[in-house]
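User: I'm new to this one and would like to learn how to read it. Can you walk me through it step by step?

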Amino acid sequence: MSGRVLWRIEAGAGQPDVVLEAGRNDVAASWRRVMPLLAPHVHVVAYDRAGLGASAPSADPVILSRQARDLGSVITGTAAGPCVLTGHSWGGIVVQLLAWCRPDLVAGLVLVDPAHEQMTDALPGAARRAIRLARAGRRDELRGGDVAASAAILRELRSAPRPFPDVPVAVLSAARGFPRRFREHWTGLQAALAAAAPQGRHLVVDGVGHGIHQDRPDAVADAILQVIAETRAR
């Protein structure tokens, strides 16, 4: 991390450690409803990515690869061994990248309504432009970075014959919160992620939108604890 400091919060004890990766522009506190459900069972860590919350910024413009390296540094600095990585939205992409590049650090994966680089393909051009305009008016951790380089990294890794390590993988999808066509397309991409994992399963959480970990922390914690049980059985 070149001397940078990433602020983190920790709770509980026990292995495998769980590391929580927040969504785009979000911070460790977004997991505040999930962590108390995990702490009686395992050691759990959440942190602010570079430039967010209390964490120092980074000058590296290739955002995705740097974020994955930072996540790896959090793991090696706080965990006793391979971890169960849980990522929400954009955080789901970050933990996937680390799993593909550093499978030695990963005991299992839980992807909570994970983002996907093809998720907006089902939207009309006008809707995609409206999303870009809406984001332009808000602080965005991806703005100013080399997003094209990050997209190229994703394309290269997704083309690999077996990108996921042979570990338990749970992919959770929201049931609502977006226009139907967009939600169906996105959920299909998420189901395909689970199908691509040797030990993958796909779960749709009824009655909630994109913030599953905030609206149904019990569902997220249950998925994490199930993955932990599977890793311990191995």
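Analyst: Let's start with burial: a residue is buried under 20% relative accessible area, exposed over 50%, and partly exposed in between (1.4 Å probe, protein chains only). H41 has a relative accessible area of 42%, so H41 is partly exposed. Keep in mind that this is a predicted model, where local features need pLDDT of at least 70, side-chain atom pairs count only at pLDDT 80 or more, and totals for chains, interfaces and linings use all residues. Residues are numbered from 1 along each chain as its sequence is written, and side-chain values use heavy atoms, with hydrogens and water left out.

User: How many helices and strands does the protein have, and what percentage of its residues count as buried?

Analyst: Helices (H or I, at least four residues) and strands (E, at least two) are DSSP runs, numbered from the N terminus. Here there are eight helices and seven strands. Of the 234 residues, 49% count as buried.

User: Back to H41, then. Where is H41 found, and which residues is it in contact with?

Analyst: H41 is in the loop between α1 (35-38) and β3. Contact means heavy atoms within 4.5 Å. Leaving aside neighbours within four places in sequence, H41 has contacts with A13, G14, L225 and R232. H41 and A13 are 28 residues apart in sequence, with their C-alpha atoms 6.8 Å apart. Across the protein, 78% of the contacts between residues at least 6 apart in sequence join residues at least 24 apart.

User: And T231, is that buried or exposed?

Analyst: T231 counts as buried, because its relative accessibility is 16%. You'll find T231 in helix α8 (residues 217-233). Beyond its neighbours within four places in sequence, T231 is in contact with P16, V84, A107 and P168.

User: What does the side chain of T231 reach?

Analyst: Think of polar contacts here: a pair of N or O atoms within 3.5 Å, where within protein one must be able to donate a hydrogen and the other to accept it, and residues adjacent in sequence count only if both atoms are side-chain atoms. The T231 side chain reaches the backbone oxygen of I228 at 2.7 Å. For another case, look at S30, in the loop between β2 (18-21) and α1. The side chain of S30 reaches the backbone oxygen of V27 at 2.8 Å. S30 is buried, because its relative accessible area is 4%.

User: Which residues in the largest nonpolar core touch the most other members?

Analyst: A nonpolar core is a set of buried Ala, Val, Leu, Ile, Met, Phe, Trp, Tyr and Cys residues joined through side-chain atoms within 4.5 Å. The largest has 41 residues, and V19, L71, I75, L85 and L109 touch the most other members. Elements that each supply at least two residues include α2 (63-78), β4 (83-88) and α3 (90-101). The biggest giver is α3, with eight residues. A second, separate core of 27 residues includes W31, V44, V112 and A170.

User: Last one: which kinds of residues line the second largest pocket?

Analyst: For the lining, Ala, Val, Leu, Ile, Met, Phe, Trp, Tyr, Cys and Pro count as nonpolar, Asp, Glu, Lys and Arg as charged, and the others, Gly among them, as polar. The lining of the second largest pocket divides into four nonpolar, five polar and six charged residues.
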